[in-house]
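Trainee: I would like to go through this model with you. Could we take it one topic at a time?

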Amino acid sequence: MRAHFVAALIVDERGRYLMQIRDRSPGILHPGALGLFGGAVEAGESADRAIRRELAEEIGIVPEDLVFWRTLRVPLPAARRRARDARIDVFAATIAADRVPFLDQQEGAGRTLIGPRRLLAEAEVATSARLAVALHARAAIAAAREEPVAERWLVAAAVSDGGTGA
C-alpha cells in the first residue's frame, strides 16, 4: 500500500512560494517545518478533487489557474510507516501577494511567502516541499537574481498558545 497525498506549489508575482508554517502538534509529519498546503487523498477521491478540497479547507481559496504539475515519490519516516513511501501529486498555481495576508488559514501555525533559494537554505522544510520547490524553481535558482524579502503571517491561535499549535 502506498500513501497518496496532494500538495500545491503556489507562487506570487515576485517568484515567492506560499508555504504553510506547520504547527507542532504531536503525531504530524514535519512539526514546525515549512511545508506545502495540501493533504491526504481520501478513498475514492481524485487528486484534483482532493487538492481543491484541501486548499478550500486550509486557506479558504482555490486559485483559478490551479493545474497538475507532476507526481513525486518520497520516503516516509520509519516511525510513520504503514507504507514505505508516499505518492504526492503536486499542483501549481499563482496568487497575488496582496491576497496572502487575508487568507482564511485554518490549519498550521502560519504562512510565509519565501523565495526558492531562501526556502532551500532553511533548516526546517518538509522533505516533499524541499524537493518540489527545488525542481519547480530550477530556472529561477540558476538565474541567481536577488530574491525578494520573505513575509510571514502567524495564525491567531498559534500566537495565543505560544506557537505550539496545541
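This is a predicted model: local features need pLDDT of at least 70, side-chain atom pairs count only at pLDDT 80 or more; totals for chains, interfaces and linings use all residues.

Trainee: Where does Glu-58 lie?

Mentor: Glu-58 belongs to helix α1, residues 47-59 (helices are DSSP runs of H or I with at least four residues, strands runs of E with at least two, numbered from the N terminus).

Trainee: Is Glu-58 buried or exposed?

Mentor: Glu-58 is buried (under 20% relative accessible area; exposed is over 50%, partly exposed in between, with a 1.4 Å probe and protein chains only).

Trainee: Which side chain of opposite charge is nearest?

Mentor: That is Arg-22, 6.9 Å away, and Glu-58 has no salt bridge (a side-chain nitrogen of Lys or Arg within 4 Å of a carboxyl oxygen of Asp or Glu). A polar atom of the Glu-58 side chain does lie 3.1 Å from the backbone nitrogen of Gly-38.

Trainee: New topic: how many aromatic pairs are there?

Mentor: The whole structure holds 1 aromatic pair (ring centres of Phe, Tyr or Trp, the last by its six-membered ring, within 6.5 Å; planes under 30 degrees apart are stacked, over 60 edge-to-face, the rest tilted). Phe-68 and Phe-91 form this edge-to-face pair, at 5.6 Å centre to centre and 80° between the planes.

Trainee: Which strands does the pair link?

Mentor: Phe-68 is in strand β5 (residues 67-75) and Phe-91 in strand β6 (residues 85-94), 23 residues apart. Phe-68 counts as partly exposed because its relative accessibility is 46%, whereas Phe-91, at 4%, counts as buried.

How values were computed
Residues are numbered from 1 along each chain as its sequence is written. Side-chain values use heavy atoms; hydrogens and water are left out. Lys and Arg count as positive and Asp and Glu as negative; His and the chain ends are not counted. A polar contact is a pair of N or O atoms within 3.5 Å; within protein, one must be able to donate a hydrogen and the other to accept it, and residues adjacent in sequence count only if both atoms are side-chain atoms.
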